[in-house]
Amino acid sequence: MKFSDILGEQQISVRVKATEPCPKATQDIAVNLANRGKAIKTAMYGPLNPSEANTEYWEKLAKEWDVNTASAKKQLCGNCSLFIQTPSMKDCISKGVTGGDRKDEWDAIDKAGELGYCEAFDFKCASKRTCRAWVTGGPILKEKSAKPLRDPKGGLTAAGRAHFNRTEGSNLKPGVKGPADTPEKMRRKGSFLTRFFTNPSGPMKDEKGRPTRLALSAAAWGEPVPQDRESAARLAEKGRNLLKRYENSKKKD
Ligand code: SF4
């Protein structure tokens with residue numbers, strides 16, 4: 001059975017990046033238990049006590065993976081590529097609820113190995129267990145590098161726009177780089193240029209003579225990067241003209 005088939009059998013609500021805030025399952029024992037239950041039911045997460053022989057369990061997985069039992073026993077959460085043990089995830093796990101009064105027999109088995117976060121089934125799993133969805137290539141020990149939010153050439157990246165739309169309820173769209181040949185493009189580009197360059201909020205160059213983020217933002221709208229206040233003023237004027245054309249286009253409608 002393929003990994004995607006197993007994933008298709010259950011709802012996986014969370015696919016996290018290690019750089020994001022702690023997954024809820026690492027902080028909420030009820031969520032963790034529910035998700036672990038799903039992994040046990042749908043993907044044979046186990047065995048309960050890895051230090052026992054568990055012959056039937058391993059034979060079943062070996063048959064499914066088409067390997068011998070000895071090889072099957074080497075395919076563990078601890079070397080699965082969905083097993084996340086980055087420093088930030090370990091921190092999440094150690095900060096999270098550890099079980100308390102609700103500790104159950106699965107948690108009571110202390111020989112199941114170190115905990116990590118299973119990205120596939122969204123729960124804290126133990127390195128000496130496994131499941132049918134095991135994927136070679138783990139564990140994941142390094143943080144995923146976050147995608148840059150700012151485009152070094154100016155403006156935001158697509159990831160940056162998505163980030164601010166998500167976190168601040170913005171409705172950011174890419175700048176109009178080509179001709180502003182529709183009323184909507186005239187309005188958007190005109191608005192940007194007048195807002196940013198009529199009374200610029202800062203200089204166009206930093207103390208080392210490099211263009212500032214403010215100046216570079218013009219490039220995100222297909223405009224030359226202004227070198228000084230005068231060239232910024234020309235951009236603002238262009239913006240006002242675009243807004244006039246936009247207003248005229250509305251009158252014609
Ligand atoms: S880490 Fe891998 S082997 Fe372990 S439960 Fe998750 S998918 Fe299965």
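Reply: Helices here are DSSP runs of H or I with at least four residues, strands are runs of E with at least two, and both are numbered from the N terminus. Read that way along the sequence, the chain goes α-α-α-α-α-β-α-α-β-β-α-α-α-α. That makes eleven helices and three strands. Please keep in mind that this is a predicted model.

Me: What makes Pro47 count as buried?

Reply: The cut-off for buried is 20 or more other C-beta atoms within 10 Å. Pro47 has 20 C-beta neighbours inside 10 Å, so Pro47 counts as buried. You will find Pro47 in the loop between helix 3 and helix 4 (55-65). Across the chain, buried residues make up 28% of the 253 residues.

Me: Which residues is Pro47 in contact with, leaving aside its neighbours within four places in sequence?

Reply: They are Glu52, Asn54, Tyr57 and Arg129. A contact requires C-beta atoms within 7 Å. Pro47 also shows how sequence and space can part ways: Pro47 and Thr130 are 83 residues apart in sequence, but 7.4 Å apart in space, C-alpha to C-alpha. For the chain, residues 24 or more positions apart account for 67% of the contacts with a separation of 6 or more.

Me: How do you know which strands of the sheet are the edge strands?

Reply: Start with the order, which is 1-2-3 in an open sheet of three strands with antiparallel pairing. Strand 1 and strand 3 each pair on one side only, and that makes them the edge strands.

Me: What makes strand 2 and strand 3 a pair?

Reply: Pairing takes at least two bridges found by DSSP. Four bridges join strand 2 to strand 3, and the two run antiparallel. One example is Gly116, whose bridge partner in strand 3 is Cys125. Strand 2 and strand 3 also form a hairpin with four residues between them, and Asp122 in the turn has a positive phi of about 60°.

Me: Which way do the residues of strand 3 point?

Reply: Phe123 and Cys125 point one way, while Lys124 and Ala126 point the other way, and all are buried. In a regular strand, side chains alternate between the two faces of the sheet.

Me: Why are the buried residues of helix 6 said to be on the same side?

Reply: The buried residues of helix 6 (residues 87-95) are Met89, Cys92 and Ile93. They cover an arc of only 95° around the axis, so they lie on the same side of helix 6. The face turned away from that buried side carries the exposed residues Pro87, Asp91, Ser94 and Lys95. The buried residues of helix 6 pack against helix 2 (24-27), strand 1 (83-84), strand 2 (115-118) and strand 3 (123-126).

Me: Which residues have the most contacts inside the largest nonpolar core?

Reply: That core has 25 residues, and those with the most contacts inside it are Ala39, Cys77, Phe83, Cys118 and Cys125. Helix 3 (29-43), strand 1, helix 6, strand 2 and strand 3 are the elements that give two or more residues to this core. Another core, of 15 residues, lies apart from it, with Val176, Phe192, Leu193 and Phe196 among them.

Me: What classes of residue make up the shell around the ligand?

Reply: The shell has 13 nonpolar residues, one polar residue and no charged residues. Of the 14 residues around the ligand, Cys77, Cys80, Phe83, Cys118 and Cys131 come nearest.

Terms used. Residues numbered from 1 in each chain as written. Predicted model: local features only at pLDDT ≥ 70, side-chain atom pairs only at ≥ 80, totals over all residues. Buried ≥ 20, exposed ≤ 12 C-beta atoms within 10 Å, placed from the backbone. Arc of directions from axis to C-beta. Contact = placed C-beta atoms within 7 Å. Near = placed C-beta within 6 Å. Nonpolar A, V, L, I, M, F, W, Y, C, P; charged D, E, K, R; others polar. Core = buried A, V, L, I, M, F, W, Y, C linked by C-beta atoms within 7 Å.
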